Amino acid sequence: SDQALASFRAAQNKYAGSHVPLLYMGMEYLRTNHLSLAGHFLTSAQRTDPSDPLCCNELGVWSYRQGDNMEDAAFWFVKALRLHV
């Protein structure tokens, strides 16, 4: 996990402006149940590239895992599906 995050940070420095390192850092934090950090990186990735369905899907997973706002989770999952089709 630490090794993965270090790699993603290096990629973020090398590819400044890309949403992909932010997305994968968010996914790693989500995997390790660090929900506040996951939300930070996932929303940053989505703001950088609003048309990426994977960002929207992961924001849906994050919203669902928080457990208090299923409407937000549904919003992100539907948006991911619409972007994918």
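A crossing of two helices is left-handed if the near helix is turned anticlockwise from the far one by less than a right angle, and right-handed if clockwise. The model used here is predicted, so local features need pLDDT of at least 70 and side-chain atom pairs pLDDT 80 or more, while totals for chains, interfaces and linings use all residues. Residues are numbered from 1 along each chain as its sequence is written, and side-chain values use heavy atoms, without hydrogens and water.

**Exercise 1.** Describe how helices α2 and α4 pack.

Solution.
- Step 1. The axes of α2 (residues 20-31) and α4 (residues 53-66) come within 11 Å and cross at roughly 25°.
- Step 2. The two helices are therefore roughly parallel (angles under 35 degrees).
- Step 3. Their crossing is left-handed.
- Step 4. Contact (heavy atoms within 4.5 Å) involves Leu 23, Tyr 24, Met 27 and Leu 30 of α2, and Leu 54, Cys 55, Glu 58, Val 61, Trp 62 and Arg 65 of α4.
- Step 5. These contact residues comprise 8 nonpolar, no polar and 2 charged.

**Exercise 2.** Find the partner of Arg 31 in a salt bridge, and state whether Arg 31 is buried or exposed.

Solution.
- Step 1. A salt bridge needs a side-chain nitrogen of Lys or Arg within 4 Å of a carboxyl oxygen of Asp or Glu; the structure holds 1.
- Step 2. Arg 31 pairs with Glu 28 at 2.7 Å, N to O.
- Step 3. The two lie 3 residues apart in α2, so about one helical turn separates them.
- Step 4. Arg 31 has 56% relative accessibility and so counts as exposed (over 50%, with a 1.4 Å probe and protein chains only).
- Step 5. Glu 28, at 10%, counts as buried (under 20%).

Conventions: Axes are lines fitted to C-alpha atoms, for helices over the stretch in contact, and angles run from 0 to 180 degrees between N-to-C directions. Helices (H or I, at least four residues) and strands (E, at least two) are DSSP runs, numbered from the N terminus. Angles under 35 degrees count as roughly parallel, over 145 as roughly antiparallel, 65 to 115 as roughly perpendicular and the rest as oblique. Ala, Val, Leu, Ile, Met, Phe, Trp, Tyr, Cys and Pro count as nonpolar, Asp, Glu, Lys and Arg as charged, and the others, Gly among them, as polar.
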